[in-house]
Amino acid sequence: MIAPPEVLRTAQPRVACDGTGPGLPAALGHPRVYLQIDESGYVDCGYCDRRFVLIGGPADGADQSQLPDHPAGASI
């Protein structure tokens with residue numbers, strides 16, 4: 001397995017991702033999706049592979065390259 005391209009730590013178990021960020025305009029992003037972090041402690045965006053890790057959860061501080069892809073919980 002390889003590490004996800006970007007890992008964002010969050011205090012909330014429900015997050016939104018639109019693929020944008022600093023230096024990346026909205027025109028280069030993707031449709032906004034809402035993701036729910038479950039008991040694994042992380043979730044991956046199905047569009048851009050950005051990983052959201054719940055602060056203090058089981059995946060926080062883990063070697064991200066050793067965790068499997070986890071795109072569950074996506075909804076538009």
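**Exercise 1. Is R50 buried or exposed, and what does the side chain of R50 meet in a salt bridge?**

Start with R50: its relative accessible area is 9%, so R50 is buried (buried means under 20% relative accessible area, exposed over 50%, partly exposed in between, with a 1.4 Å probe and protein chains only). Keep in mind that this is a predicted model, where local features need pLDDT of at least 70, side-chain atom pairs count only at pLDDT 80 or more, and totals for chains, interfaces and linings use all residues. Residues are numbered from 1 along each chain as its sequence is written, and side-chain values use heavy atoms, leaving out hydrogens and water.

Next, the partner: R50 pairs with E6 in a salt bridge, 2.9 Å from N to O (a side-chain nitrogen of Lys or Arg within 4 Å of a carboxyl oxygen of Asp or Glu). R50 sits in the loop between strand 4 (42–44) and strand 5, and E6 in the segment before strand 1 (7–10), so the pair ties together parts 44 residues apart in sequence. Strands here are DSSP runs of E, at least two residues, numbered from the N terminus. E6 is partly exposed, at 34% relative accessibility.

**Exercise 2. Which residue forms a salt bridge with D60?**

It's R9, with the closest N and O atoms 2.9 Å apart. D60 lies in the segment after strand 5 and R9 in strand 1, so this pair ties together parts 51 residues apart in sequence. Now check accessibility: D60 is partly exposed at 25%, while R9 is exposed at 51%.

**Exercise 3. How many salt bridges does a search of the whole structure find?**

Four. Among them is R51 with D44, at 2.6 Å between the closest N and O atoms; both of these residues are buried.

Definitions and conventions: Helix = DSSP H or I, 4+ residues; strand = E, 2+ residues; numbered from the N terminus.
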